[in-house]
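Q: Could you walk me through this structure? I would like to start with the fold and then look at some side chains.

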Amino acid sequence: MAPDEAVVGCTGKLVVGTRGTDGPGEVLVRIRGGTETFIAYSEEPLIRETTVLVVESLGHREVTVMAWSDPLLEPPLGGDGGAR
(Lines give C-alpha, C1' and ligand atoms only; values in the text may rest on other atoms or scores of the structure.)
Protein backbone atom coordinates (compact mmCIF):
# COMPACT_ATOMS: atom_id res chain seq x y z
CA MET A 1 0.00 0.00 0.00
CA ALA A 2 1.31 3.45 -0.90
CA PRO A 3 2.06 6.06 1.78
CA ASP A 4 -0.88 8.29 2.76
CA GLU A 5 0.62 11.76 2.40
CA ALA A 6 -2.62 13.41 3.61
CA VAL A 7 -1.83 12.32 7.19
CA VAL A 8 1.66 13.90 7.25
CA GLY A 9 1.56 17.14 9.24
CA CYS A 10 -1.60 16.17 11.13
CA THR A 11 -1.69 15.96 14.90
CA GLY A 12 -3.27 13.27 17.01
CA LYS A 13 -3.39 11.60 20.43
CA LEU A 14 -1.85 8.28 21.30
CA VAL A 15 -4.47 5.75 22.37
CA VAL A 16 -1.71 3.18 22.96
CA GLY A 17 1.73 4.44 23.97
CA THR A 18 4.75 3.72 21.80
CA ARG A 19 7.81 1.84 23.06
CA GLY A 20 10.38 3.63 20.92
CA THR A 21 12.54 1.14 19.03
CA ASP A 22 10.92 -1.72 21.00
CA GLY A 23 7.54 -1.41 19.31
CA PRO A 24 4.70 0.72 18.01
CA GLY A 25 1.63 2.21 19.61
CA GLU A 26 -1.58 3.53 18.09
CA VAL A 27 -2.60 7.11 17.30
CA LEU A 28 -6.01 8.66 16.66
CA VAL A 29 -5.70 11.40 14.01
CA ARG A 30 -8.25 13.99 12.87
CA ILE A 31 -8.21 13.74 9.10
CA ARG A 32 -10.61 13.91 6.15
CA GLY A 33 -13.43 15.33 8.27
CA GLY A 34 -13.31 12.55 10.84
CA THR A 35 -10.87 10.52 12.90
CA GLU A 36 -8.79 7.53 11.87
CA THR A 37 -6.39 5.28 13.75
CA PHE A 38 -2.88 4.42 12.61
CA ILE A 39 -0.08 2.25 13.95
CA ALA A 40 2.42 4.77 15.37
CA TYR A 41 6.20 4.45 15.56
CA SER A 42 8.50 6.88 17.39
CA GLU A 43 12.21 7.13 18.14
CA GLU A 44 11.57 7.45 21.88
CA PRO A 45 8.86 5.86 24.04
CA LEU A 46 5.75 8.05 24.33
CA ILE A 47 2.98 7.52 26.87
CA ARG A 48 -0.74 7.14 26.16
CA GLU A 49 -2.60 10.48 25.68
CA THR A 50 0.55 12.22 24.34
CA THR A 51 -0.26 14.71 21.58
CA VAL A 52 1.87 13.86 18.55
CA LEU A 53 2.70 15.20 15.11
CA VAL A 54 2.73 12.77 12.18
CA VAL A 55 6.08 13.26 10.42
CA GLU A 56 6.01 10.36 7.94
CA SER A 57 3.57 7.90 6.39
CA LEU A 58 4.97 4.39 6.02
CA GLY A 59 1.97 2.96 4.12
CA HIS A 60 -0.30 0.17 5.40
CA ARG A 61 -1.84 2.67 7.90
CA GLU A 62 1.51 3.05 9.68
CA VAL A 63 3.07 6.42 10.57
CA THR A 64 6.08 7.87 12.32
CA VAL A 65 5.23 10.41 15.05
CA MET A 66 6.94 12.75 17.47
CA ALA A 67 5.69 14.44 20.65
CA TRP A 68 4.06 17.78 19.86
CA SER A 69 2.82 20.81 21.73
CA ASP A 70 1.17 23.63 19.82
CA PRO A 71 3.42 26.69 20.13
CA LEU A 72 0.37 28.96 19.78
CA LEU A 73 -1.19 27.43 22.90
CA GLU A 74 1.98 27.39 25.03
CA PRO A 75 2.58 30.28 27.46
CA PRO A 76 5.57 32.51 26.66
CA LEU A 77 8.87 31.75 28.36
CA GLY A 78 9.31 33.54 31.68
CA GLY A 79 5.72 32.92 32.79
CA ASP A 80 4.81 36.62 32.91
CA GLY A 81 2.77 36.61 29.70
CA GLY A 82 5.36 38.85 28.08
CA ALA A 83 4.30 41.87 30.18
CA ARG A 84 6.92 44.47 30.91
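A chat about the fold, the surface and one side-chain contact follows.

A: This is a predicted model, in which local features need pLDDT of at least 70 and side-chain atom pairs count only at pLDDT 80 or more, while totals for chains, interfaces and linings use all residues. Residues are numbered from 1 along each chain as its sequence is written, and side-chain values use heavy atoms, with hydrogens and water left out.

Q: How many helices and strands does the protein chain have?

A: The protein chain has 0 helices and 7 strands, taken as DSSP runs numbered from the N terminus (helices H or I, at least four residues; strands E, at least two).

Q: What do the strands close into?

A: A barrel is closed by 5 strands in the order 1-3-4-7-6, with mixed pairing, and neighbouring strands of this sheet are turned by 55 degrees against each other on average, direction ignored. The axes behind that angle are lines fitted to C-alpha atoms, for helices over the stretch in contact, and angles run from 0 to 180 degrees between N-to-C directions.

Q: How many bridges join strand 3 to strand 4?

A: Strand 3 (residues 25–31) and strand 4 (residues 34–41) run antiparallel and are joined by 7 bridges, where pairing requires that DSSP finds at least two bridges between two strands. Glycine 25 stands opposite alanine 40 in strand 4.

Q: Changing topic, what sits over the ring of phenylalanine 38?

A: The charged end of arginine 61 does, 4.4 Å from the ring centre; the criterion is NZ of Lys or CZ of Arg within 6 Å of the ring centre and within 35 degrees of the ring normal.

Q: And what share of the residues is buried?

A: Of the 84 residues of the protein chain, 30% count as buried (under 20% relative accessible area, with exposed over 50% and partly exposed in between, using a 1.4 Å probe and protein chains only).
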